[in-house]
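Please look over the sequence and the model before reading on.

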Amino acid sequence: MRKSLVALTLAAAAVPMLIGVAGLPRPGDGSAPAHTHVVARYIAEGAQETGAGNLVTGVLLNYRAFDTFGEVMVIFAALAAVMAVLMPAAPSRPAGTPGNGTGGLQVSPVVAFIVRLTAPFIAIFGAFVIFKGHVSPGGGFQGGVILGALLMLLSVVMGRGMQAPLVPVRLARWLQASAPLAFAGVACLGLALTGTLLGYPAAPEMALVRELMMIVLELGIGIGGAAIILGLFLAMRGD
Amino acid sequence: MAGLWQNIDYAAFVALFCIGLYMIMAKQNLIKKLLGLNIMETAVFAFIVTSGMVDGGNAPIVAPGATGPFASPLPHALILTGIVVAVSITALALSLIIEIYRQCGTIEADELKGAE
Amino acid sequence: MSQLFDLVMLALLISMALAVARSKDLVAAAIIFSGYSLVMCLLWQHRGAPDVAMTEAAIGAGVTTILVLVAIGRTCRREK
């Protein structure tokens with residue numbers, strides 16, 4: 001595009017935004033409308049009603065659980081679309097040659113040793129972040145991404161690409177679908193218990209059931225996230 | 001202008017948004033355009049998270065011993081969903097760019113336009 | 001002091017975004033984008049959002065950078 005047109009569009013976009021931003025309440029102001037309507041109730045009663053000390057997890061998995069349902073469907077659909085675009089392509093090498101997964105990259109033995117040494121600790125940290133997500137900062141997706149990054153590292157260092165993947169393909173497909181499946185399962189359980197889809201039972205003596213539902217959801221999101229990120233990486237590498 | 005200096009954070013995020021918009025419009029390489037889209041997305045996320053902060057506020061974790069005004073947890077939850085959607089968009093766009101390169105041999109937008 | 005930290009972080013963010021825009025080498029742009037993501041993570045931790053900071057550090061500086069580098073490896077490295 002011509003430079004004058006670009007400059008004009010940028011000015012037309014920036015000036016109204018700056019004028020609008022100048023009229024907003026100061027960030028950090030406790031009496032701004034962002035803090036006084038629904039959020040006051042979330043902060044005051046969230047820990048008791050949801051059973052989660054981490055209010056963000058409580059909002060994500062209890063008050064706004066449908067948004068999280070949509071989020072796991074989006075990333076699952078992205079994986080399906082990436083596979084549809086890249087996998088039917090002709091392989092860059094004739095199929096049947098035993099791939100070495102690293103695409104010809106020589107991994108230094110120092111790197112391989114360090115990765116193999118620290119992999120169990122990274123896996124424990126990822127599992128910790130998933131399971132403690134409802135009482136400390138963390139949660140399902142954060143731990144899932146940490147585990148997914150660990151699996152990506154291992155698949156490069158150990159030289160396992162598409163030909164001999166770390167996780168067998170049939171199991172990997174089920175693991176990738178585990179987040180939507182966990183949500184569907186908990187939604188049906190909520191339907192059975194309360195009569196509304198994804199409804200949490202509100203009685204105080206069912207607090208254990210609420211917490212279990214939340215942990216199942218977090219586990220599903222964590223494992224699903226890790227498998228989906230590994231699937232994206234392997235599909236894009238192509239060998 | 002006093003209002004703009006008080007909201008200097010918001011003005012900086014507007015500037016980041018415009019830098020991302022410039023990259024999408026003016027750069028010809030498809031991967032540069034995608035990085036510009038990511039910069040725009042992170043600018044919007046930063047704007048929304050900053051609108052939920054409170055002066056001297058702590059993280060919204062209710063543990064025994066946690067006191068003080070809490071930052072609002074609702075923008076944080078919305079942005080977590082937004083970050084996941086952003087990474088989905090990036091992954092799909094990158095796979096399309098790889099396929100375009102395999103079919104057409106170039107990822108510059110003006111060369112692609114001329115090749116039709 | 002906290003105000004000064006905020007201003008320095010914001011200036012760093014804007015300069016890193018400009019560096020991503022102007023760099024001709026795509027690998028350099030991807031690495032600077034990863035650093036931009038980390039500075040954004042620090043900013044959010046300073047604003048009292050540890051969950052969002054953890055997610056942005058894992059995804060922006062981790063997954064997005066790796067996927068962009070894989071894509072650069074399969075296409076061109078330099079912008080024309």
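Predicted model: local features only at pLDDT ≥ 70, side-chain atom pairs only at ≥ 80, totals over all residues.

Residues are numbered from 1 along each chain as its sequence is written, and chains are lettered from A and ligands numbered from 1 in the order in which they are written.

**Core**

- The largest nonpolar core has 123 residues; such a core is a set of buried Ala, Val, Leu, Ile, Met, Phe, Trp, Tyr and Cys residues joined through C-beta atoms within 7 Å.
- A residue is buried if 20 or more other C-beta atoms lie within 10 Å of its own, exposed if 12 or fewer, and partly exposed in between, with C-beta atoms placed from the backbone.
- The residues with the most contacts inside this core are A:M236, B:I31, B:L94, C:L67 and C:A71.
- Helix α10 (residues 207–237) of chain A gives the most to this core, 15 residues; helices are DSSP runs (H or I, at least four residues), numbered from the N terminus.
- Leaving aside residues up to four places away in sequence, B:L94 touches A:M236, B:L34, C:L67, C:V68 and C:A71; contact means C-beta atoms, placed from the backbone, within 7 Å.

**Contacts between chains**

- Chain A has 47 residues in contact with 44 residues of chain B.
- On the side of chain A that touches chain B, α5(A) supplies the largest share, ten residues.
- That side of chain A has 34 nonpolar, nine polar and four charged residues; Ala, Val, Leu, Ile, Met, Phe, Trp, Tyr, Cys and Pro count as nonpolar, Asp, Glu, Lys and Arg as charged, and the others, Gly among them, as polar.
- Chain B has 35 residues in contact with 34 residues of chain C.
- On the side of chain B that touches chain C, α4(B) gives the most, eleven residues.

- The axes of helix α2 (residues 8–26) of chain B and helix α1 (residues 2–22) of chain C come within 10 Å and cross at roughly 5°.
- α2(B) is therefore roughly parallel to α1(C), a term for angles under 35 degrees.
- Axes are lines fitted to C-alpha atoms, for helices over the stretch in contact, and angles run from 0 to 180 degrees between N-to-C directions.
- The residues of this contact are twelve nonpolar, no polar and two charged.

Definitions and conventions:
Helix = DSSP H or I, 4+ residues; strand = E, 2+ residues; numbered from the N terminus. Contact = placed C-beta atoms within 7 Å. Parallel < 35°, antiparallel > 145°, perpendicular 65-115°, else oblique.
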